[in-house]
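Have the sequence and the 3D view open as you read.

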There are 6 protein chains.
Amino acid sequence: MYSVNVRDHFMIAHSFRGEAFGPAQRLHGATYVVDVELRRPELDADGMVVDIARATNVLRSVLGELNLRNLDDDPAFAGRNTTTEFMARVVFDRIAARRAAGELGVHASGLSAMRVCLHESHVAWAAYEAPL
Amino acid sequence: MYSVNVRDHFMIAHSFRGEAFGPAQRLHGATYVVDVELRRPELDADGMVVDIARATNVLRSVLGELNLRNLDDDPAFAGRNTTTEFMARVVFDRIAARRAAGELGVHASGLSAMRVCLHESHVAWAAYEAPL
Amino acid sequence: MYSVNVRDHFMIAHSFRGEAFGPAQRLHGATYVVDVELRRPELDADGMVVDIARATNVLRSVLGELNLRNLDDDPAFAGRNTTTEFMARVVFDRIAARRAAGELGVHASGLSAMRVCLHESHVAWAAYEAPL
Amino acid sequence: MYSVNVRDHFMIAHSFRGEAFGPAQRLHGATYVVDVELRRPELDADGMVVDIARATNVLRSVLGELNLRNLDDDPAFAGRNTTTEFMARVVFDRIAARRAAGELGVHASGLSAMRVCLHESHVAWAAYEAPL
Amino acid sequence: MYSVNVRDHFMIAHSFRGEAFGPAQRLHGATYVVDVELRRPELDADGMVVDIARATNVLRSVLGELNLRNLDDDPAFAGRNTTTEFMARVVFDRIAARRAAGELGVHASGLSAMRVCLHESHVAWAAYEAPL
Amino acid sequence: MYSVNVRDHFMIAHSFRGEAFGPAQRLHGATYVVDVELRRPELDADGMVVDIARATNVLRSVLGELNLRNLDDDPAFAGRNTTTEFMARVVFDRIAARRAAGELGVHASGLSAMRVCLHESHVAWAAYEAPL
């Protein structure tokens, strides 16, 4: 299995609901450094997993929808806790939708799986992975 | 599959037995930077893989049993080489036992697997992973 | 010149005022990974720059005053843009005050300078340094 | 499953053919920081996944065949694009051949899988993994 | 003293002349991960060292002149060894010229010094720093 | 001012004397990842700060005297606490002596200063720097 990973980041405010979150129930924020790993069993005719420039642009565009915002105000997340693991799934789903719409290009047709990892600090991160 | 990772470290002395270890048969030591990755197929009602504060505390407590000691003096490791990969398993088993005892909280009931990785330098690390 | 560095982090929400900040004028947030470097010309009798356990505790305590909050609501920062470089100075001043109050212990009397660096992402950070 | 990882690097020149590569069709170069992860289900009698000194030496030797060269001039890659993911497979195959020739030592007989990851920058990397 | 650092990278081919360079006299290449640290004694009225978006854009533009090229073909470097430390100076001089031309904006007038560091691998880097 | 940095590591056992060290008075150990930064005002005729291959070899040789040992048994450190900052000075002095003996080569004659930094974990490090 081959894989290619690209990295970018976004910065948001949010708060959590539920006693389990303790002081994180207060409005606070985070920088998420995002790794997107794309996998496929065989390389294409150009020797690629994916066009890395396109992957970088798609990631930047998806994160641009979230960057420099208060997630508590985003109707897409109403009633949900925007934990790091939840946001990893959000980024996964949005990149998968872009791929389905052809934005990753012809090189992306052979992709079989993706993993999205959000680093919230030097000591904690969360990820979501699934077949494509 | 979702995952959450927490990081901490411990510092120990030890020596190895067996010609394969060369000069590492002498008493020496290591800093182990430890990554614990906890996995589950679906998030719980709070949108969590695990209560990250509890996971951090359990990791700190498990590493506290080993930290700032000479592993050659620990009866738990008598007759064993405390290699990095062996110690990854030790940390895995001890966290698994804490989870079984309820120390990771109600959020941890849905965990399906764990990976423990011990970084011994900027150029070498070892890990153990298994279902829970 | 000797130095010792300890690292911790905090997570906050904030917004900026001024056209120069563009979309960062919206409420958003950041994780700041903080490095505190303490310097002195000669080691003390124990061979230390500073008691690293005390330095770690003081840093944790100072960051605890800021962690998991909206800086826009903190009267201490009224009318100021809480940029990364500004916050580096805030952390510097608060650690310096703790040292003046004796919280860094007797080992800290010989310190001559400090540098506080806040990493806001994998591609950007800011620092403040000055004599003590 | 246990794993051990060793890291080294190599520096090469190359160019790509195909419109998908844009300006990377020009002769340029890269530093590849290489991680080799070796996996096995159980430790051997010494408590090892693999003799880490041998693994480090084999990796250094394999990378030495590629280091400080122009890959466009290497007959082994004639007619191929030496993308990061392609080179991950090259390093994988060459280490696997060294293992088959006994260079990883008796400790390597129980290895079941390998992953080779080439980091080309702080924001991009590629990998190849397969059973052994 | 305050400072702000931004990071980007570029990938080049080159070769060296002189016996001291050994096998690096062959055509090879490198990824350089570049850190640019800008310093000033006091913050401006907005609480900034520099407009970080402008600094990022200027760095990207300067590196774009070098990226994905063979430095041996660049007339600007004729007769010179493009070592990492030499290239750190090149990037320094080009950013300094952009600042002199006003590209860093009004926020950059108070800058007093700059440091440019080029990371060529996980074990080696070089830098140039000077007053502005 | 120009600088070049090389990195390597060593692994030791030791213990400390003095109440200030708390549980670190027990025999334990550490991995030290070592950065050596060499500085000079101008590049030499080859465009170098120092022959990086020689610098790497000298560092490896100096660390080889310390690696995989119990520092408590080394007569060179009798009656001293081998703290991270103390060991940074030891490595500094030994590299300086190698340079004085000509081991860094003719390129090293123009060096004006050195900084040695020992990373003991992902959250703590210590350094010593001085003119040469």
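Buried means under 20% relative accessible area, exposed means over 50%, and partly exposed is in between (1.4 Å probe, protein chains only). This is a predicted model, where local features need pLDDT of at least 70, side-chain atom pairs count only at pLDDT 80 or more, and totals for chains, interfaces and linings use all residues. Residues are numbered from 1 along each chain as its sequence is written.

On to the salt bridges (a side-chain nitrogen of Lys or Arg within 4 Å of a carboxyl oxygen of Asp or Glu). Over all chains, the count comes to 66. Here are some of them:

| Pair | N to O distance |
|---|---|
| Arg98(A) and Glu65(A) | 2.7 Å |
| Arg60(B) and Asp8(B) | 3.5 Å |
| Glu65(E) and Arg98(E) | 2.7 Å |

In the chain A pair, Arg98(A) is buried at 14% relative accessible area, while Glu65(A) is partly exposed at 34%. As for the chain B pair, Asp8(B) is buried, at 11%, and Arg60(B) is partly exposed, at 45%. Chain E has Arg98(E) buried at 14% and Glu65(E) partly exposed at 35%.

Now for chains A and C. How many salt bridges are there between chain A and chain C? The count is zero. Still, 23 residues of chain A are in contact (heavy atoms within 4.5 Å) with 23 residues of chain C. In chain A, Arg26(A), Leu68(A) and His122(A) lose the most area to chain C, together 30% of what that side buries.

Conventions
Chains are lettered from A and ligands numbered from 1 in the order in which they are written. Side-chain values use heavy atoms; hydrogens and water are left out. Buried area is the accessible area (1.4 Å probe) that two parts lose on being put together, summed over both.
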